[in-house]
Every structure is written in structure tokens, then in C-alpha cells.
Amino acid sequence: MSAQTTAGGVPERKVPPNSIRGAAMRGVVARPGREAVEVKGWLRAHKWLLLRRVSQLGILALFLVGPWLGWWIVKGNLASSLTLGVLPLTDPFLIAQQLAAGQWPYQEALLGGGIVLAFYLLFGGRLFCSWVCPVNIVTDAAAWLRRRLGLKGGKAPSANTRYWLLGFVLVIAAVTGSLAWEWVNPVSMFHRGLIFGFGLAWGIVGGIFFYDLLIAPRGWCGHLCPQGAFYALLGRKSLVKVSADRRSACNDCMDCFAVCPEPQVIRPALKGVGQDHPLILDADCTTCGRCVDVCGKDVFRITTRFNRSES
Amino acid sequence: MTMNDKVQPTGRAAASAPSTRRRFLKDAAGVAGGAGLLALGAGMYAKQASALPATAIRPPGALPEDDFLAACVRCGLCVRDCPYNTLKLAELGDNVATGTPYFEARGIPCEMCEDIPCVVACPTGALDRSLTDIGKAKMGLAVLIDQENCLNFLGLRCDVCYRVCPVIDKAITLERMHNPRSDRHAMLLPTVHSEYCTGCGKCEKACVLPGESAIKVLPIKLAQGSKAEHYLRGWEEKEAAGQSLIGDQVELPVRGLEDKAYGDTRVKPGEGPQVPAQVPDYAPAQPSGGGLDSGWKP
């Protein structure tokens, strides 16, 4: 199914029947990415998704082989860890809270926080969300189920809520003199729970799943999570970006919008709204690469922020 | 009207632009309000849930609880480096701030490692590295809390808490007391001295009572009263000054014991002050005149 061209040279924009638009026209539940699977094969149509799952589960496995098998590669959890007994890594979001609460951490935590900070500043803040954070698997599952069940609508708070929440998290830390957010933070709680034991934390993770599924589409990661907001701020000038460099081939099937966790970031690049280059520079983009996967026309690819070329 | 002519243009200009601005402000206020409420809820929950149960003991070197909750990022590195699986991270529902490390002495007590690996592992300073001598740790304070069921208080020789104490004869001593019940035995009462007790909890773990222990490690705040700073202890003042501040005590002779050392009141039958055989006109003093008679009888 290559792009058919009419005699006049204008690509015929045939909408695939199972895409969001095609299905809407036929009145059935859409299967975004179906065309990509047919064109590229299942594996290539899930390449970035699989890579992300390998990354997320691999990182989790590094933490788990210690307590499970006694192979101590990484100790601790995402809040702060020690790899092979030498490399400290600390979540800068926690250091920010700790500083707000009035405690100055030891050098290891500062060094570890600096390494993590530098990595995400350089490569992309919300890489954390889509490539590391375990909650992403939960919210992706909710979003998938939502699509499969054809659940529409719902009421999500403004996507800016997370930035306000981030501000208030730091204020509350300063006011209470404690890491107040960490009492309820589902992100750290989920990861810690997987490694050290859950208690009732399953409830919070389940809460996020059902909130995303039944109440707010992409509600947690896309609208509320202050940790994601923190990493988004880090990624404003980072290197790795998605580009819609073959946007001329787009057949408006809308599948990328359907699978994108932050759909508002696509339009400027794909449709040239408010910008002329095809790069998705919005810091909310998690660089998950799912748009690359589901596009049957190979419109998107992952590249650097300096590559503004179009083909 | 000149007034209206001047006012109206600005009013019109303001009417179109602010409609978007007003909507933005309204939206922002709603969003900020929602986020603020969420954060406030989290903050209040955190404050409310920061009370520590009395049996949850923090690792050695832990900062005072308020500072600890600001410094601990809940990474569990102390837990990982504890060789005896003493420490654990609180799970949601454990009544301890979620994700913070603690131990329960009756479960697994602290073995007081000399190199204190948990403190070394802490990257954030929640466990203070200025603690290098585990003997100086103050995780809590042991208290012999149930004197009714403690076997030594019943006059038996259990002594287990004393025997297992890593700071034996300093942190716990056995104080010999007369056993008034049998009137011919001693009771050896385990006695904790806060100066040396590290709060490791080995005594609580070892207590032979089934179920709850008679000796328990409690947070120091619960176990110890505040010092009465206003009360000068005469014996300490005397030692500091090298002599009594009020001069030596006047030693008054005790009638009938004049030939004995001062303070020695032991007498054999027939020795010492004797009740006079006959005091003919003896009568206790009576309140004289119009004094109030309290009715007190010797």
C-alpha cells in the first residue's frame, strides 16, 4: 500500500479504514496503527513501543535481581540508587523537594542528582516518563483499554495543572518542612513498592489506572503528575526530538493523535501551525516514539533538535 | 459629554482584549486552585501521618524526626546495606511515613555493627555520618515497662535482658533489692541507664515473656522526661565546687548511741535508747488555749 499518486502528482489521501478517521466515518471502534502493521509488519510497527518496554522493564529488573537473586547490580530505587557500588544516581525532583524542605543532602546525593539532571537536560526531560517511569506502563495500559473499549470523552483537568502542582509541591515541602509529596507520590510509591513491598500502595496505582480509564483520558501523566512536569521543564532545550519530516505524506488518518500521550504537541509540527519546521519542540512530548510506530506513511522519526530538514 | 467620550474608547478596547484575558485568568485560577487543594491535601495528610508509632525505631544516626522527614528520600539504601535485615521500608498502611526506614525491636533488633553500614549508605544525610561509634547511637531508650510481669521483679533470676545487652553492666545493670515478699531473698532488678543505652532493642527481642516484652525500646521522647534544670542537685554542686556550698553537715549525737559511728543505728537487744520503765506523769502535749484541735492522734 504505497502512497498512490494521481496523474496530477498530488498524493491521493486515502484514509485507512481502521484509522481514527476511517473508523469514525464507518461508525466502528478504531484500531489505530492497523495500517502501519499491514505496511511495515507488526515488529516494525511496534519498534519504539517494544524498545521502551525493554527499557522500563530492564531498569526495573536491574533493581529487582538484587533482592530476588542476590545479584547486586543496582541498590535502592529511583529516588536514589547506587550502581555497582560506585555510581550514585538521585532523582533531582527529590533533591528539589529536600532543598525546599530545608535539608542539604550529602555529596553523593548531589553528585547523583547532578548526573541525572545533566542526562535529562541534554537528551530530553520526559524521556524519564516514557522510558523509565513504571507508572507509564499503567497509564499506557489504561489508554490502550480506553481505545479498545471505545470509551470516549471524560473530564481531564487542564494540562497546566501539573505545573501548578509542581510549584505547590515545593511550597508544601517548605511549609511543612518535610517531603510531603512523597507521602502520596504514586510514581515513587509504585517503583518502591515493586522493589521493597507494596502494602496498600496497590490502591493508589489502581486508582491511577481507573482514573485514566474511566474519568480522565491520559489524566495522570498528561495533566496531573508534578514529577512529569519537573522533567518536562528539564527537557525544554534537550537534544532528542521527534520530527514529522515526511509530513507531506500524511493522509490525515489521525492515528498519531490517538496514541500520543500528549496529542497537543503534534499539530504545530505536523500541520505547521505557528512554526514552519517539522520538529516537535514542545517540552511535553515524551519522545515515546509511538507516533513513529503507528504511522503507515512513516511521517515521523526520532532525530535531534538541530535536524529541521524535511523530505 | 466629554467625560463619556474619553471613557468609552478605553472601555471598548478593554472589553475585547480582556475577554480572553479574563478567561485565561479564570482558567488559571481554577487550575491553580485545584492543584493547590491537591498539594494542601497531601501536605496535611503528610503532617497527620508523620506521627511515629512507639514501637517503630529509626536507624542509628537518624536525624530528629522532623529533620529526618525532610531529608530521607525513601531510597532504601540503608535497608539494602543492613546485614541482618533489621531495617525495612514502611509500606503504605504501616503507620510509619510511607517509604521511610525503621525497625521493630521485638521483630529483628539492631545488631550494632561497628562500621554502621546503614549510616554509610545514606546519600542524603537523613542518617548523620557524624555518628562513627555505634556505642554513641541513640535509636531509642529501653524501658522496663511492665514491672508486674518481669520475672526478675517477681524475684526470679531471669536476667536475660541484662545478659544480651551489648553494653552489659553499663546500659543495663542488675540492682540488688530486698525482696519484701519472702523477706529473705534479694531481687535483682534490671535497670536501664540512658547514658549508655543505644536503643538497639536486643533486650526487647530477648525478653522471655510470650508475646509482648516486659522491657521495650521506646523513642527517647517517649521514654525520658525533661531534665529539671531549675533544680540544683546538691551532690553535683558539691562535687563541682569541691566542697559543700552550705558547709559541712552538723552531726548531732543520737541519744543512747553516742559510742557508735555516726549513722550506725544497728543495736543489739538491750543496747541503745530504752523505753523508760516508768514515766509516772507522762502525757503528750496538748494544744493549749483556744488552738484548733485537729483530732490528730499519734
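How many helices and strands make up the secondary structure of chain B? The legends below take up this point and others for a predicted model.

Figure 1. Chain B comprises 8 helices and 6 strands. Read from the N terminus, its elements follow the order α-α-α-β-β-α-β-α-β-β-α-β-α-α. Of the 298 residues in chain B, 31% are classed as buried. Among contacts in chain B with a separation of 6 or more, 65% are between residues 24 or more positions apart.

Figure 2. Domain 1 of chain B contributes 11 residues to the contact, and domain 2 of chain B contributes 15 residues. On the side of domain 1 of chain B that touches domain 2 of chain B, the residues comprise 9 nonpolar, 1 polar and 1 charged.

**Figure 3. The contact of chain B with chain A.** Here 38 residues of chain B meet 47 residues of chain A. On the side of chain B that touches chain A, at least two residues each come from α1 (2–48), α2 (65–71) and α3 (77–81) of chain B. Helix α1(B) provides the largest share of this side, with 13 residues. By class, the side of chain B that touches chain A holds 20 nonpolar, 10 polar and 8 charged residues.

**Figure 4. Helix α8 of chain B and the residue just after it.** Helix α8 of chain B spans residues 234–241 and is hardly covered. Of the 8 residues in this helix, the count of those that are buried is 0. Just after α8(B) comes G242(B), with a positive phi of about 85°.

**Figure 5. Secondary structure and overall dimensions of chain A.** Chain A contains 15 helices and 6 strands. Its radius of gyration is 21 Å, close to the 19 Å given by the globule rule for 311 residues, so chain A is as compact as a globular protein of that length. Along the principal axes, the C-alpha atoms of chain A fill a box of roughly 70 × 40 × 40 Å. Buried residues account for 48% of the 311 residues in chain A. Of the contacts in chain A between residues at least 6 apart in sequence, 71% connect residues at least 24 apart.

Figure 6. In the contact, 21 residues of domain 1 of chain A meet 22 residues of domain 2 of chain A. Helix α3 (residues 47–69) of chain A supplies 8 residues, the largest share of the side of domain 1 of chain A that touches domain 2 of chain A. This side of domain 1 of chain A consists of 14 nonpolar, 4 polar and 3 charged residues.

How values were computed:
Residues are numbered from 1 along each chain as its sequence is written. Chains are lettered from A and ligands numbered from 1 in the order in which they are written. This is a predicted model: local features need pLDDT of at least 70, side-chain atom pairs count only at pLDDT 80 or more; totals for chains, interfaces and linings use all residues. Two residues are in contact if their C-beta atoms, placed from the backbone, lie within 7 Å. Ala, Val, Leu, Ile, Met, Phe, Trp, Tyr, Cys and Pro count as nonpolar, Asp, Glu, Lys and Arg as charged, and the others, Gly among them, as polar. Helices (H or I, at least four residues) and strands (E, at least two) are DSSP runs, numbered from the N terminus. A residue is buried if 20 or more other C-beta atoms lie within 10 Å of its own, exposed if 12 or fewer, and partly exposed in between; C-beta atoms are placed from the backbone. The radius of gyration is taken over C-alpha atoms; the globule rule is 2.2 Å times the number of residues to the power 0.38.
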